[in-house]
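Hi,

Here is the structure I promised to pass on.

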Amino acid sequence: MTIRVLIADDQMMVREGFSVLLGAMPDIEVVGEAVNGRDAVARVRELSPDVVLMDIRMPELNGIEATREIVASDGGAKVLVLTTFDLDEYVYQALRAGASGFLLKDASARQLADGVRVVAAGEALLAPSVTKRLITEFSKLAQSPRPSAATQLAYGELTDRETEVLVLIAQGLSNSEMAERLVVAESTIKTHVSRVLVKLGLRDRTQAAVFAYEARLVTPG
């Protein structure tokens with residue numbers, strides 16, 4: 001199946017560059033571009049892309065608010081945030097808004113295409129070391145010094161094994177790595193992951209990782 005991608009960035013050169021890189025991939029089709037966050041929300045509604053490459057700093061509506069609106073619309077589009085190291089302070093906010101992960105703007109063509117494929121498949125960009133480092137860093141920005149009562153209640157619904165799986169998700173382990181660590185079948189891990197997401201009311205593994213940090217199930221550092 002061809003993955004339909006929308007590129008949202010206020011810089012024309014960035015949009016055109018990513019469009020050329022992705023357009024060269026046989027399994028990816030760039031179906032449109034958006035020049036700001038408000039335009040991105042409208043174009044998602046019009047074009048129904050599978051993945052949105054979303055810049056953070058854009059006029060009219062920034063990428064974080066646009067991500068929140070796109071995810072809330074429940075149209076199925078996954079958001080992959082584009083950032084640079086000098087924009088890192090926004091990454092945590094974007095993940096909380098519902099983004100499925102993020103890429104650095106200097107990513108190679110292969111990294112960009114692989115990122116789109118991973119997100120389109122319903123996974124999260126947690127594997128790269130930079131991602132784990134940033135999620136750990138920005139989990140420190142949670143406003144409450146202790147987990148909220150709602151958060152405690154939510155993870156209190158998990159079994160011990162589901163809690164263990166949640167922690168491993170936050171640590172960036174893949175299903176196969178978790179299966180090896182816990183000495184169970186990979187299909188069993190997939191079942192646990194699905195149950196964790198359903199019980200916590202989360203969209204994907206990225207949100208699960210953020211939840212684990214906020215619930216203090218994983219210690220930043």
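The side chains of Asn-175 and Arg-205 are joined by a polar contact of 2.7 Å. Bear in mind that this is a predicted model.

Asn-175 sits in helix H9. Its relative accessibility is 11%, so Asn-175 counts as buried, the cut-off being under 20%. Leaving aside residues up to four places away in sequence, Asn-175 touches Glu-186, Ile-189, Lys-190, Val-193 and Arg-205.

Now for the rest of the helix. H9 spans residues 175-182, and Met-178, Ala-179 and Leu-182 are buried there along with Asn-175. Why are these residues on the same side of H9? Because they cover an arc of only 100° around the axis.

Just after H9, Val-183 has a positive phi of about 55°.

A word on confidence before you set anything up. The protein has an average pLDDT of 82, and 81% of the residues score at least 70. Among its elements, strand E1 (residues 3-8) has the highest mean pLDDT, 96, while helix H6 (residues 129-139) has the lowest, 54. Where pLDDT is low, the predicted coordinates should not be read in detail.

Cheers

Definitions and conventions
Residues are numbered from 1 along each chain as its sequence is written. This is a predicted model: local features need pLDDT of at least 70, side-chain atom pairs count only at pLDDT 80 or more; totals for chains, interfaces and linings use all residues. Side-chain values use heavy atoms; hydrogens and water are left out. pLDDT is the predictor's confidence in each residue, from 0 to 100. Helices (H or I, at least four residues) and strands (E, at least two) are DSSP runs, numbered from the N terminus. Buried means under 20% relative accessible area, exposed over 50%, partly exposed in between (1.4 Å probe, protein chains only). The arc is that of the directions from the helix axis to the C-beta atoms. A polar contact is a pair of N or O atoms within 3.5 Å; within protein, one must be able to donate a hydrogen and the other to accept it, and residues adjacent in sequence count only if both atoms are side-chain atoms. Contact means heavy atoms within 4.5 Å.
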